[in-house]
Amino acid sequence: MHSVIVSHLTKIYGKEKKVAVDDVSFSVDKGEIFGLIGADGAGKTTIFRVLTTLLLPDGGSASVGGLDVVKDFEQIRQTIGYMPGKFSLYQDLTVEENLSFFATLFGTTVAENYELIKDIYVQIAPFKNRRAGKLSGGMKQKLALCCALIHKPNVLFLDEPTTGVDPVSRKEFWEMLKRLKEQDITILLSTTYMDEANLCDRIALIQEGKILSIDTPANIIKSYPDVLFAVKATNMHQLLQQLLRYPERLSSYAFGEFAHFSFKGTPDTDGLVTYLEQHGLKEVMVKTADITIEDSFIKLLG
Amino acid sequence: MRILKFLLVKEFKQIFRNKAILVVIMVMPVIQLIILPLATNFEVKNIALAVVDNDHSDYSRALISKITSSGYFRLSGYCNSYNEALVLVEQDKSDLILQIPPHFESVLLRENSERLFIAVNAINGVKAGLGSGYINEIIQQYNQQLRSKLQVPGKFNLGPTIQIQSSNWYNPNLNYQLFMVPGIMALLVTIVGGFLSALNIVKEKEAGTIEQINVSPVKKYHFVLGKLIPFWILGNVVFTLGLLVAFCIYGIVPLGSLITLYTFVMVYLLAILGFGLLISTFCDTQQQAMLIMFFFIMIFILMGGLFTSIDSMPDWAKMAAKFNPVSYFIAVMRMVIIKGSGLYDIRGHLLTVLGFAIVLNAGAIVNYRKTF
């Protein structure tokens, strides 16, 4: 069953008619973790704001839990949880006060749904009398997640939940999301981190308001059309320069400590090594690379 | 209603947790009511007077001592020539020059008339006008004294004279504070009601908390009422505090009934809160809201009759004052506190402000729908 359905959604901003979301369609199944992956300004937040009934679409339609985002916005607000990209709880209220305030707004209590947030809340419970503004980044995210969950929503919208959070907290955060998934909560999240894409059930790659590809991370990697090589040498800058000039080059870009490279025709690694060594590069090493989501994304951006 | 209760609880928690706002609400009325009425006194005193006495007679000395003992003038120079006195004016040491001609006494006695010369530094128009007015009056009095002294009793009068007796109503002692304190109370209620409510709503926008509220089942009117009610209550608290300070420090007891006063304040707060709300719908940051509110409050107050009388403003300004809620409030405060006006006397003001309340709040709600 589809929990979120978006069809031909379009959103245009301002007088200069900037198209933020351009004819986007996708659907999310119940209990699925669906990721919107894209650079800053790709239109991820706009999609979230339309789905959370904060913004009216200019074209197309969307529904959450079978309810239309324009007509049934009041009912949708009862059944969704939204965690905006920017921390937006009351900084001058304590952890506990924030949580019970949002619980009461939805006509419930913290005790009633404590089971759902228990795993997360125990980590911030020692600071429950501290004001939200005085928490660390990771703690703030956990509190925000608790507040978004406290009314037991059917669909959870997380806009860049891990941006600016340390690696350990990020890992914990994802473990929590996995546990929420087991409770049959649909999770729609956005991220700019490519490594997090692999943790989603399905992902949509977005660029300039358009969806480039929607599939499971594994399928997206599998459908990568070329053979990709990782090249390494002592001087990275010079290596990239020389790769650019190589006649058989299809694409090349820096990727961590390696440069990723693909050939126009049949791969000829020996030829490449010889070429690079002739151009003064030392300790040249070429091997087949493990394709990642990032490679697919770069390929799609073409 | 249940949701509204939770919103109000949250709002009061935040207000009482913000020490700066508490100070503004509790201390500002007291400080302003203590300082402003004492400092903003329009009576001109201590006008620096330079005298050029070319006569040095009993009469001229008597005139000078009469002027200086009036309390309005301070002798800043006793010069030998007009030019010498003018230097004092140029150095800003004197505001006014009184020149007494040579043979003042003898000419006056012989010919029954003599002329005095007064020169005024008119850079400060109010001071110049009042200063020359005062000195004219004192010289007139001196003239009267001389006449009665020189007239032989029993002889018939030289001509008919008109004697003017004036009596001051409502403020018999011309107590300046009685005039200023009610106006300043109006100012305080306006600032707390208008400023704080606008800033508070914009703060929610700025912090993004309004997003969290908007995705919850909280309705717009819940949110708006949740913001208006606390500041409506605080406005009444500040007003009460102002009344107490006025009584404790200046001994001012409203002549009219408290019910009349509070009825008006309650309606007025609705209007000014609506204004704050309207401003907040246009602004995205507290800085914007602050500047816009500052602009309006400045105009409201300077053109509201607190310091200068609206009656003496040009016609266009009088028209503008009709659209200034603060001017009605200041007028009503003075009417009720000083004159003892009742609800019937202020009905026009009350209805006008009620109109403001309806228009401003309606405008705010309509605009609110558009912006979110």
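In chain A, take the contacts (heavy atoms within 4.5 Å) between residues at least 6 apart in sequence: 68% of them join residues at least 24 apart. Before I go on, a word on the model: it's predicted, so local features need pLDDT of at least 70 and side-chain atom pairs count only at pLDDT 80 or more, while totals for chains, interfaces and linings use all residues. Residues are numbered from 1 along each chain as its sequence is written, chains are lettered from A and ligands numbered from 1 in the order in which they are written, and side-chain values use heavy atoms, with hydrogens and water left out.

Okay, chain A overall. Its C-alpha atoms fill a box of roughly 70 × 45 × 40 Å along the principal axes. We get 11 helices and 14 strands; those are DSSP runs, H or I of at least four residues for helices and E of at least two for strands, numbered from the N terminus. Of the 302 residues, 52% are buried. Buried here means under 20% relative accessible area, exposed means over 50%, and partly exposed is in between, with a 1.4 Å probe and protein chains only.

Now to a sheet in chain A. Four strands make an open sheet in the order E2-E1-E4-E5, with antiparallel pairing. Two strands count as paired if DSSP finds at least two bridges between them. At the edges sit E2 (18-29) and E5 (67-68), each pairing on one side only. Inside, E1 (residues 2-13) and E4 (residues 59-64) share 5 bridges. Ser7(A) has Ser61(A) as its bridge partner in E4(A), and Ile5(A) has Ser63(A). Ser63(A) turns up again with E5(A), where its bridge partner is Asp68(A). E4(A) and E5(A) are joined by 2 bridges and form a hairpin with 2 residues between them, and Gly65(A) in that turn has a positive phi of about 60°.

Speaking of phi: most residues other than glycine have a negative one. So which residue goes against that in strand E2 of chain A? That's Asp23(A), with a positive phi of about 50° although it's not a glycine. Asp23(A) is partly exposed, at 45% relative accessible area. Over in chain B, Asp92(B) has a positive phi near 65°. Asp92(B) sits in the loop between helix H4 (82-90) and strand E3 (96-100), and counts as exposed at 56%.

Staying in chain B, let's look at helix H11, residues 286-302. Which residues of H11(B) are buried? They are Ala289(B), Met293(B), Ile297(B), Phe300(B) and Ile301(B). They cover an arc of only 85° around the axis, so they're on the same side of H11(B); that arc is taken from the directions from the helix axis to the C-beta atoms. Gln287(B) and Leu291(B), on the other side, are exposed. The cover over the buried residues includes helices H7 (176-207), H10 (258-282) and H13 (325-339) of chain B.

Last stop, where the chains meet. 25 residues of chain A contact 23 residues of chain B. The two chains bury about 2300 Å² between them, 56% of it on carbon and sulfur atoms. Buried area is the accessible area (1.4 Å probe) that two parts lose on being put together, summed over both. Arg77(A), Tyr90(A) and Leu105(A) supply 26% of what chain A buries against chain B, more than any other three residues.
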